[in-house]
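I opened the file to see how the chain is put together. These are my notes, in the order I looked things up.

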Amino acid sequence: MADQLPNMRPATGGPVQGEPADIAALSFEDALAELDKIVRQLEDGRGKLDEAINAYERGALLKRHCEAKLREAQAKVERIVLNPDGSLGTAPADIG
């Protein structure tokens, strides 16, 4: 279901609409670590149903945040190309 969440992050890299400030402030690595922790808790069946639902919802937000961070990084990556005149230049990387 989390895979079906719409991408609401503007191309400029601003915060995702409705994203909690604490998640928006996380680095990719910190968000991924928290998401991993949530996944392990859910897989282990720890906690009450309400807690599991809340954890799942937070996990979906963290996943979306991580995906947006990866898209931002991908947009910044460039590759070196040989121009028709023989000079070197850069072009967006064809990743994905």
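The entries below run from the overall fold to single residues.

**Entry 1: the model and its fold.** I note first that this is a predicted model. I went through the secondary structure and found three helices and two strands. Along the sequence they come in the order α-α-α-β-β.

Entry 2: I looked up burial next: 23% of the 96 residues count as buried. The accessible surface is about 7,000 Å². Carbon and sulfur atoms hold 56% of that surface. I also looked at contacts with a separation of 6 or more. Of these, 53% link residues 24 or more positions apart.

**Entry 3: the core.** Which residues make up the largest nonpolar core? I listed eight: I23, L26, A31, L35, I38, A55, L62 and C66. Helices α2 (28-44) and α3 (49-76) each contribute at least two residues to this core. I then picked out L35 and left aside residues up to four places away in sequence. On that basis L35 touches G59, L62 and K63.

**Entry 4: helix α3.** I checked the length of this helix. With 28 residues, α3 reaches 41 Å from its first C-alpha to its last. That is close to the 40 Å expected at 1.5 Å a residue. I then asked which residues of α3 are buried. They are A55, G59, A60, L62, K63, R64, H65, C66 and A68.

**Entry 5: the hairpin.** I moved on to the strands. Strands β1 (residues 78-82) and β2 (residues 88-92) run antiparallel, joined by five bridges. E78 stands opposite P92 in β2. The two strands form a hairpin, with five residues between them. In the turn, G86 has a positive phi of about 95°.

**Entry 6: L88.** I stopped at this leucine, which lies in strand β2. Is L88 buried or exposed? The general expectation is that nonpolar side chains in soluble globular proteins tend to be buried together. L88 is exposed, because its relative accessible area is 65% and the cut-off for exposed is over 50%. L88 is in contact with I80, V81, L82 and N83.

Key:
Residues are numbered from 1 along each chain as its sequence is written. This is a predicted model: local features need pLDDT of at least 70, side-chain atom pairs count only at pLDDT 80 or more; totals for chains, interfaces and linings use all residues. Side-chain values use heavy atoms; hydrogens and water are left out. Helices (H or I, at least four residues) and strands (E, at least two) are DSSP runs, numbered from the N terminus. Buried means under 20% relative accessible area, exposed over 50%, partly exposed in between (1.4 Å probe, protein chains only). Contact means heavy atoms within 4.5 Å. Accessible areas come from the Shrake-Rupley method with a 1.4 Å probe; for residues, only the protein chains shown count as cover. A nonpolar core is a set of buried Ala, Val, Leu, Ile, Met, Phe, Trp, Tyr and Cys residues joined through side-chain atoms within 4.5 Å. Two strands pair if DSSP finds at least two bridges between them. The expected span of a helix is 1.5 Å times one less than its number of residues.
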